[in-house]
Amino acid sequence: MFSVFNLNFIKTRLIYFILVLPLLLIILGDYTYLVLNFLLIFNNVKLLQNFMVNRDNECLSKIWESYFYILLSDIFMLSLIYIYKGSPFLFNGETSNSENGSCNSNDGESNSNGSNPDPNPNNSDLIYGTGSSQDDEGFTDVLTTLPVVNGELPIIYTDRLILRKPEYSDLDAYFSLRTQPEAMTDSGRGKPDANISETLNKLGRLIKGDKNNVYYFIFLKNLDGSEGDLIGDGGVHNFKSDSTGWPEFGYKFKKEFWGQGYATEFGKAFMQFWGSLPRKNVEIPVSSSSIDYSDSLQVKERLTAYTRNENLASKNVLRKLGFQSFEGLKNGLINWRKIF
């Protein structure tokens, strides 16, 4: 008779279940299930071989004992995975160069697209989540952080640019940007504004905005440090992308300012500002493909963007800004994420 209910057996198994199994789960993650079963089955094969040679009843008893062990381990393992997946103690973080293009940002229109400002004349824009793409695994609720925008956006100065919030006095300049076909081709609208009334409507939505709007107008900086011409816009308009659940980054520039490094200059300044904002803890649904398999319920914050595969300039700019591509979205685009 095998000793499943032997006192020593129970003691050793309790130590295993309480100490060893959770430790293995933390180290190996979901692979613990496979590794544990493989080791136990391998042990049983050796015991069975010994039994076939020696006809040792003790070996047979150990085999049955081991199978009972496997059953208990599997039940306990699945329970632990369910419990620890929601535990903040199981946090697993994650772990080029030319410029040309126009990066059209997700500035509030559905089907927004974008490309990076400094692309080739043939490559327009960084394309944003269309709102219809879904990944193979759907969405997963995660614990993470998101920026908190308190008050008005500050003016940001770079070597050659001035970034500030939109104002109604920018209408004519903004109309000039939004009526340029090259700048608008891959925007959410997908075509230039038909008249100034459409631009005014769009400008009004940007100005009113909300706390989920971190969007800038991009101006040249004159030699004396004053504000020059409006050459583009960009930032994060949507804190909750339909495609990924994460905030989306993008921008667009007038064609005549492509290929001069403005995209990277704007992007670096914006990323520095975005990273400096205070954070709040949130639970949100995000695309399963945007997080790593090793991630637990608590994951590091992401910022996402999208490019066409042929838009080499846009991809180069995003790499310079610290974005990495990831797979899994059915949008026919190159999907990017930056981890904060």
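# Questions about a predicted chain

Me: What makes up the fold of this chain?
Reply: The chain has eight helices and ten strands. Residues are numbered from 1 along each chain as its sequence is written, and side-chain values use heavy atoms, with hydrogens and water left out.

Me: Why is threonine 199 called buried?
Reply: The cut-off is under 20% relative accessible area. Threonine 199 has 0%, so it counts as buried. This residue is found in helix α6 (residues 196-208).

Me: What is threonine 199 in contact with, leaving aside its neighbours within four places in sequence?
Reply: Threonine 199 is in contact with Leu171, Tyr174, Phe175, Arg178 and Asp193. Contact means heavy atoms within 4.5 Å.

Me: How do you know that β5 and β6 pair?
Reply: Two strands pair if DSSP finds at least two bridges between them. Four bridges join β5 (residues 227-236) to β6, and the two run antiparallel.

Me: Which strands stand at the edges of the open sheet, and why does each have a side without a neighbour?
Reply: The sheet has five strands in the order β2-β3-β4-β5-β6, with antiparallel pairing. β2 (156-157) and β6 stand at the edges; each has a single partner strand, so one side of each is left without a neighbour in the sheet.

Me: Are the faces of β6 covered or uncovered?
Reply: Both faces of β6 (residues 250-253) are covered. Gly250 and Lys252 on one side are buried, and so are Tyr251 and Phe253 on the other.

Me: Why is the pair of phenylalanine 249 and phenylalanine 266 called stacked?
Reply: Rings of Phe, Tyr and Trp (its six-membered ring) pair if their centres lie within 6.5 Å; planes under 30 degrees apart count as stacked, over 60 as edge-to-face and the rest as tilted. By this rule the count comes to 14 aromatic pairs. In this one, the centres are 6.1 Å apart and the planes 15 degrees apart: stacked. The pair links distant parts of the chain, 17 residues apart: phenylalanine 249 lies in the loop between β5 and β6, phenylalanine 266 in helix α7 (residues 262-276). Both are buried.

Me: Why is the pair of phenylalanine 266 and phenylalanine 270 tilted?
Reply: Their ring centres are 5.9 Å apart and their planes stand at 35 degrees, so the pair is tilted. Both lie in α7, four residues apart, about one turn of the helix. Phenylalanine 270 is buried, with a relative accessible area of 0%.

Me: What makes the largest nonpolar core?
Reply: A nonpolar core is a set of buried Ala, Val, Leu, Ile, Met, Phe, Trp, Tyr and Cys residues joined through side-chain atoms within 4.5 Å. The largest has 33 residues; Val214, Phe249, Phe266, Phe270 and Phe323 have the most contacts inside it. Its largest share, eight residues, comes from α7. A second, separate core of eleven residues includes Tyr174, Leu206, Phe217 and Phe219.

Me: How do you know that a charge sits over the ring of phenylalanine 340?
Reply: The rule asks for NZ of Lys or CZ of Arg within 6 Å of the ring centre and within 35 degrees of the ring normal. The charged end of arginine 279 sits over this ring, 5.8 Å from its centre. Lysine 338 lies over the face of phenylalanine 340 too, at 5.4 Å from the ring centre.

Methods: This is a predicted model: local features need pLDDT of at least 70, side-chain atom pairs count only at pLDDT 80 or more; totals for chains, interfaces and linings use all residues. Buried means under 20% relative accessible area, exposed over 50%, partly exposed in between (1.4 Å probe, protein chains only).
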